[in-house]
Amino acid sequence: MYNLSSYFDHVANKYDETRHIPERSFQKIIDFIIDITALDIHHSKILDIGVGTGRTALPLVEMGYEYTGVDISKNMLSQFLIKLGGHIPKNLTLLHQDLLDIHFLDKSFSHIFSYHVLYFIEEKSLLIEKIKRLLKDGGTYIHCDEILLNNFYIDDLTKQWYMLASQGNRKLEEMLAESDGTISDKEDVVYKLKSTLEQLHFKTEIIKGPKWIQKMSKSDLISYFENRRDIYTGHLTEAERERIFMEWKTIVDKKWGSTPEKFIRKQLYVLKFVKEGEHTC
Ligand SMILES: C[S@@+](CC[C@H](N)C(=O)[O-])C[C@H]1O[C@@H](n2cnc3c(N)ncnc32)[C@H](O)[C@@H]1O
C-alpha cells in the first residue's frame, strides 16, 4: 500500500518550491486567516495538524502565537526546523506523529488548522471527533485549500496524467468516473469535502479568500507530477510507472506550446467550523 509518510519524506526538500506563493499574496493569506479566525495573540492556542514544512505556521510562530504542529513526516518537520535555524522557540511544540494518534486533554485548543491535509485522511470521522473534542467551547477549526481557477491547459494535462495512472487503480477510476474526467484542485473538491463533513454532523461554512497569480513553467509542472508520480501508481511496477510517466511527458511537450511560463490563478478557500458554546480563555 502507498505510504503517505514516505511520500512526504521523499518530497520534503522540494515541497515549498512546488507550493510557492508570491510574497505579497502570501501575506494577504496570513492576514486573512488571522482575521476570519479572530486570533488573539494573548489567548489563542493553535493546533496545526499536518504542519509540514511550516510554510503557513512559521509567520504565526514568529508573531508569537502559542502553536503546536503535528506531522507524520520526519523530513517535512526537519525542513521546518531548518527554517527555525535549528532552534524551536518557546511558543512552538512540534510532534512527529500520526494526527489520529495525538493525545491532549479535552478542550486544549482555541484553534485547530489544517492546510492542504484533510483529503489525505481516510478516517475522517475519527478526525472530526478528535477535532470536536480538542477544541474549546466556541473554538474554531479551519481547513484551507488553494484552488486552481479555470486553467484549462493545466486541467487538461492533469486529466491526461490521471487517465494514464488510473489503469487498474479502482479508486482512481471511480474518481475519474464521478468527476467527468477532470480531477483538479477545483471548487467542487471543497464542496464535496464540506458535504462529507456535514454527513458527519460537522456544520461548516465555506469562505472564499484572497486570489493570486503564480507562474508555472513546463518543468515545474513535470516535476510536480514526477514528485507525486507514485501516489496513485502503487499498483504498478517501477518499469510501468516509468513508461506511463514518459508517455505523459510526451503529451505535455506536445500540448504546452512555445511559451516558457504560463500564469495560473489561484484562490484560498476555507472550510470553517465553530464549536458551540461560550468562548472562555
Ligand atoms: C500537502 S502537505 C501540507 C503541509 C502544510 N500544511 C502546508 O500547507 O504547507 C500535507 C502534510 O500533511 C501531513 N500528513 C498527512 N497525513 C498525516 C497524518 N495522518 N498525520 C499527520 N500528518 C499527516 C504530511 O506529512 C504533510 O506534511
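Start with the ligand: by class, the shell around it holds 12 nonpolar, 5 polar and 4 charged residues. That comes from a predicted model, so read everything below as a description of a prediction. In total, 21 residues surround the ligand, and the closest are Gly50, Gly52, Ile72, Ser73 and Tyr115. Two elements each give two or more residues to this shell, namely helix H1 (4-11) and strand E2 (66-71).

Now step back to the whole chain. The protein has 11 helices and 7 strands. Its C-alpha atoms fill a box of roughly 60 × 40 × 30 Å along the principal axes. The radius of gyration is 19 Å, and because a compact globule of 281 residues would come out near 19 Å, the two agree. As for burial, 27% of the 281 residues count as buried. Among contacts with a separation of 6 or more, 79% are between residues 24 or more positions apart.

What about the interior? The largest nonpolar core has 39 residues, and Ile46, Tyr67 and Ile112 touch the most other members. There is also a second, separate core of 7 residues, with Tyr162, Leu221, Tyr232 and Trp248 among them.

| Residue | Residues touched |
|---|---|
| Ile112 | Leu47, Ile49, Ile131, Leu134, Leu135, Tyr141 |
| His235 | Gly168, Asn169 |

Where does His235 sit? It is in the loop between helix H10 (218-228) and helix H11 (238-256). His235 is partly exposed, because 16 other C-beta atoms lie within 10 Å, and a residue needs 20 or more to count as buried, or 12 or fewer to count as exposed. For a sense of span, take His235 and Pro89: they are 146 residues apart in sequence and 42 Å apart in space, C-alpha to C-alpha.

Finally, the annotation. An unreviewed UniProt entry lists residues 47-142 as "domain: Methyltransferase type". In the model, that span is 29% helix and 30% strand, and the C-alpha atoms at its ends lie 11 Å apart.

How values were computed: Residues are numbered from 1 along each chain as its sequence is written. This is a predicted model: local features need pLDDT of at least 70, side-chain atom pairs count only at pLDDT 80 or more; totals for chains, interfaces and linings use all residues. A residue is near a molecule or strand if its C-beta atom, placed from the backbone, lies within 6 Å of it. Helices (H or I, at least four residues) and strands (E, at least two) are DSSP runs, numbered from the N terminus. Ala, Val, Leu, Ile, Met, Phe, Trp, Tyr, Cys and Pro count as nonpolar, Asp, Glu, Lys and Arg as charged, and the others, Gly among them, as polar. A nonpolar core is a set of buried Ala, Val, Leu, Ile, Met, Phe, Trp, Tyr and Cys residues joined through C-beta atoms within 7 Å. Two residues are in contact if their C-beta atoms, placed from the backbone, lie within 7 Å. UniProt positions are given in the numbering used here, feature names are shortened, and annotations may be inferred rather than shown by experiment. The radius of gyration is taken over C-alpha atoms; the globule rule is 2.2 Å times the number of residues to the power 0.38. Lists of a residue's contacts leave out its neighbours within four places in sequence.
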